[in-house]
Amino acid sequence: MPATSLSLVKPTGSPTLGNLLGALRPMAAAQDAADDPADCFYGVADLHALTVPHDPAELRSRTREVATLLLAVGLDRSTLFVQSRVPAHRQLAYLLECVATTGELSRMIQFKEKGRPGSRASLYTYPVLMAADILLHRPARVPVGDDQRQHVELARDLATRFNAAYGPVLVVPEMATPPAAARVMDLQDPTAKMGKSGTDARSGTAGVIHVLDGPDVVRRKVARAVTDSDTAPDAVRADRSAKPGVTNLLEVLVACGGSADGIATYGALKAAVTDAVVATLEPVQVRYAELADDQAHVEEVYAAGEARCREVTAPVLAAVESALGLG
């Protein structure tokens, strides 16, 4: 029986080139991995977008955009769902809040960094919702990067504590180091990741390339990318500490299927990066446009995925409720 692969994408900004290369492509590859096939569940984490003030109409629009993009990048052999349409996610989250402690939630890095007296309570408790997302699908292993390790540790702690108190109901997942994926940095600040949160879709931050940016926008953003003043014959070389901007462009070029062979100037490098990025984005954009014109098909795919998710998660939720003495 194939292992379960689970990943959720938060609809808090227009997905970027970094999201495509670092997350969406690996998600697509997991569908057909011959050496380690997976039963893939990929969702739009709209509930996680409620931890900060938001505009409801924009959230619906972002959710629709991300849902369509997941299909456009080729996740058509996965179970696709919108998180809020699978009620067990928020139902299990409350039950796990009854197991979590305020001490461990206070130590979560996001709340320590972003929490304020006026913060929404959900910013404090959303790591428990993330734990529910994981535990509902009973994955044996959870690939995790450094930025999510604390959340998976919490899921493991809550599952272990629940099982000790109420019986062996929840699967305690192992943490696995995922294969190295492309890590795209901001073109204007190559020391920071290219992030979508807080950016203004397709017109916002100059250092962020969005998946739906057209060729002219990509060309303008790459042309303005930070490099340095080095004019030596070997100026086009990778050196993360001394030449972060150039290194980032080189890594983007390779990740998009290009080659730096024979490139000796920054102008030539930027031209090659532009061509490679445009070529990478074009098929996704073409497919996205087709799906955007056929939202009935998108809704049909997600309705089927959400029905399957409800079937898969119902026994887990029922077992937890029974162990707690409910029902």
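Which elements do the buried residues of α3 pack against? They pack against β3 (79–82), α6, α7 and α11 (295–324), as the view of helix α3 below sets out. The structure is a predicted model, in which local features need pLDDT of at least 70, side-chain atom pairs count only at pLDDT 80 or more, and totals for chains, interfaces and linings use all residues. Residues are numbered from 1 along each chain as its sequence is written, and side-chain values use heavy atoms, with hydrogens and water left out.

**Figure 1. Overview of the protein.** The secondary structure consists of eleven helices and five strands; helices (H or I, at least four residues) and strands (E, at least two) are DSSP runs, numbered from the N terminus. The C-alpha trace spans about 70 × 45 × 45 Å along its principal axes. The radius of gyration is 21 Å, which agrees with the value near 20 Å that a compact globule of 327 residues would have. This radius is taken over C-alpha atoms, and the globule rule is 2.2 Å times the number of residues to the power 0.38. Buried residues make up 45% of the 327 residues, where buried means under 20% relative accessible area, exposed over 50%, and partly exposed in between (1.4 Å probe, protein chains only). Of the contacts between residues at least 6 apart in sequence, 73% join residues at least 24 apart; a contact means heavy atoms within 4.5 Å.

**Figure 2. Surface and charge.** The protein exposes about 15,500 Å², of which carbon and sulfur atoms supply 54%. Accessible areas come from the Shrake-Rupley method with a 1.4 Å probe, and for residues only the protein chains shown count as cover. There are 33 positive and 39 negative side chains, and the centres of the two sets lie 4 Å apart. Lys and Arg count as positive and Asp and Glu as negative, while His and the chain ends are not counted. The place of a charge is taken as NZ of Lys, CZ of Arg, CG of Asp or CD of Glu.

**Figure 3. Helix α3 and its buried side.** Helix α3 comprises residues 88–97, and its buried residues are Ala88, His89, Leu92, Ala93, Leu95 and Leu96. They lie on the same side of α3, because they cover an arc of only 165 degrees around the axis. The arc is that of the directions from the helix axis to the C-beta atoms. Tyr94 also lies in helix α3, but it counts as exposed because its relative accessibility is 52%.

Figure 4. Ala155 is buried, with a relative accessible area of 0%, whereas Ala164 is exposed, with a relative accessible area of 70%. Leaving aside neighbours within four places in sequence, Ala155 is in contact with Ala131, Ile134 and Leu135. The C-alpha atoms of Ala155 and Val208, 53 residues apart along the chain, are separated by 32 Å. For Ala164 and Arg237, 73 residues apart along the chain, the C-alpha separation is 54 Å.

**Figure 5. Leu6 in strand β1.** Leu6 is located in strand β1 (residues 3–9) and counts as partly exposed, at 22% relative accessibility. Apart from neighbours within four places in sequence, Leu6 is in contact with Phe41, Phe81, Asp133, Ile134 and His137. Leu6 and Lys114 are 108 residues apart in sequence, and their C-alpha atoms are 26 Å apart in space.

**Figure 6. Arg138 in a loop.** Arg138 is placed in the loop between α6 (121–136) and β4 (141–143). Arg138 has a positive phi of about 50 degrees although it is not a glycine. At 38% relative accessibility, Arg138 counts as partly exposed.

**Figure 7. Helix α8 and its cover.** In helix α8 (residues 215–223), the buried residues are Val217, Val218, Lys221 and Val222. They cover an arc of only 125 degrees around the axis, which puts them on the same side of α8. The cover of these buried residues includes α10 (266–292).
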